Amino acid sequence: MLVRVLRDFCRRTTAVPGGENAVNRLIHVAVPLEKNRDRRSFLASVPRKDEGTEGEKFVFIDSAITKKEEMFPDINTPNMLFGGVKFSDVPICHIKSSRNNTILHVTKVNGERIMIRSCGMEGFKNTRKGTNIAAQATAIGLATRALDFGIHTVRVTIRGLGPGRMSSIKGLTMGGLKIISVTDDTPISWNPLRSRKQRKL
């Protein structure tokens, strides 16, 4: 449409130096500008890249805490009842979140495994296994299977620093499980491996 308007404008004006060449020059300059404007409006309308889940990058913990006394465990915690079950008898959902995969398994208190799911078992292949979307889908699948087993309340222990840390916890709650505690079991090395020698330039 802009090209048609410019052509009409140039035909009406008699004092355009160069005649038909000037019309073509104006058209060739104007079309790329219009393309850029269209691209800018398109990019503005597209939502920004989604990380998969809310709270993956940051969590405002201070706003979530209402009573700090009830948030942390004390002497009476093992005897507290959650859904008619003692805290010490509630099944544990172990989440191992690595850079390449996320593995979830539910165990009894004595360590006997009830079920296991991973991103590869859910149908994700290669690098897609290491995404937070895959971890969330795996957690939802595990939660639905746990509900079929009659498990409604779980404790969560999470291990590793992969992209599926937060999204797998969110997936468990989306699947219908009630999480009563979250424990971070990520191993920390206090005497790490010796670093590589410095590169000589």
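In this predicted model, C93 has a relative accessible area of 0% and is therefore buried. C93 also belongs to the largest nonpolar core, a group of 16 residues in which C93, I95, L104, L142, V156 and L172 touch the most other members. Two or more residues of this core come from each of β3 (92-97), β4 (102-107), α5 (132-148), β6 (153-159) and α6 (165-174). Helix α5 supplies the largest share, four residues.

Leaving aside residues up to four places away in sequence, L104 touches C93, H94 and I95, and its other contacts include M115, I116, R117, L142 and L172. Another cysteine, C119, is likewise buried, at 0% relative accessibility. The count of disulfides in the model is zero.

Charged side chains provide a second theme. Side chains of opposite charge can pair when their charged atoms come close. Four salt bridges are found in the whole structure. One of them joins K108 and E112, at 3.8 Å from N to O; K108 is partly exposed at 40% relative accessibility, and E112 is partly exposed at 44%.

R117, E122 and R145 are linked in a network of salt bridges. Between E122 and R117, the closest N and O atoms are 3.1 Å apart, while between R145 and E122 the corresponding distance is 4.0 Å. Because R145 lies in helix α5 and E122 in the loop between β5 (113-118) and α5, this pair ties together parts that are 23 residues apart in sequence.

Conventions. Residues numbered from 1 in each chain as written. Predicted model: local features only at pLDDT ≥ 70, side-chain atom pairs only at ≥ 80, totals over all residues. Heavy atoms only, no water. Core = buried A, V, L, I, M, F, W, Y, C linked by side-chain atoms within 4.5 Å. Buried < 20%, exposed > 50% of the residue type's maximum accessible area, 1.4 Å probe, protein only. Contact = heavy atoms within 4.5 Å. Disulfide = S-S within 2.5 Å. Salt bridge = Lys/Arg side-chain N within 4 Å of Asp/Glu carboxyl O.
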